Amino acid sequence: MNPTARREYFNSLAPRWDNIPSPPDAEARVRRFLDGVVRSEHRWVLDIGCGTGLLVPGLLADSRRIVELDFALDMLAENRRKHPGARVSHVCSDAERLPFAGPCFDLVLCFGVLPHFERPAHALGELLGLLRPGGRLAVGHLMGSQALNAFHASLPGPVNGDLLPAAKELARLFEDLGARVVAAAEAADSYLVSVEK
Ligand SMILES: C[S@@+](CC[C@H](N)C(=O)[O-])C[C@H]1O[C@@H](n2cnc3c(N)ncnc32)[C@H](O)[C@@H]1O
């Protein structure tokens, strides 16, 4: 499926994204994801596939600077409306054609976005290249890979065949890309693979 179709799909969802029903403990699961990966020394954070800014409130502590990046302009516009602060920047870009050069982030988050990449291994390699020494990259979801893949398969349209690899498989890919795996675990209600450079 081509990226334009996916982008239009997410643009069409933007006006109602925050009202799509989520599990009652979704906020606690997001908090658990952030607690597992964010450290006070992470000053510059890149939130890939940020959507309307689910992660922003949890990232704003410690005078952190946050770059919210998404290829769907309507998602980003809603994000900017909700989170206009000076410490939050908004960038409309495809994560697979990034407008950054060299190591400039302490933390890169891919929350709910990896299955939608055209070339995940290539994209993750590029994202690792944006990490400062000691920086961290984390891939997270609010459910395990099997449940998420079944969910995508139940949807009509461009994300229908989008797949999240099992956490252990993704960890092997990161090792092949030269990263050190810090965590690789999934359960029915969570998925986390985090790595350092
Ligand atoms: C499932 S939503 C998750 C949004 C947000 N992270 C959240 O958890 O609420 C996936 C988001 O990733 C964005 N996205 C998908 N593929 C992308 C790509 N190649 N580059 C940038 N953004 C992308 C979509 O536009 C959408 O906003």
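I worked from a predicted model, in which local features need pLDDT of at least 70, side-chain atom pairs count only at pLDDT 80 or more, and totals for chains, interfaces and linings use all residues. Residues are numbered from 1 along each chain as its sequence is written, and side-chain values use heavy atoms, with hydrogens and water left out.

**Entry 1: α5 and α7.** I looked up the axes of α5 (residues 120-128) and α7 (residues 167-176), which come within 10 Å and cross at roughly 55 degrees. Helices here are DSSP runs (H or I, at least four residues) and strands likewise (E, at least two), numbered from the N terminus. I noted the contact (heavy atoms within 4.5 Å): Ala121, Leu124 and Leu128 of α5 meet Leu170, Leu173 and Phe174 of α7.

**Entry 2: burial on α7.** I listed Ala167, Leu170, Ala171 and Phe174 as buried (under 20% relative accessible area; exposed is over 50%, partly exposed in between, with a 1.4 Å probe and protein chains only). Lys168 and Asp176 are exposed on the other side of α7. Just after α7, I noted that glycine 178 takes a positive phi of about 90 degrees.

**Entry 3: burial on α4.** In α4 (residues 73-82), I found Met75, Leu76 and Asn79 buried. The face turned away from them carries the exposed residues Leu73, Arg80 and Arg81.

Note on methods: Axes fitted to C-alpha atoms, helices over the stretch in contact; angles between N-to-C directions.
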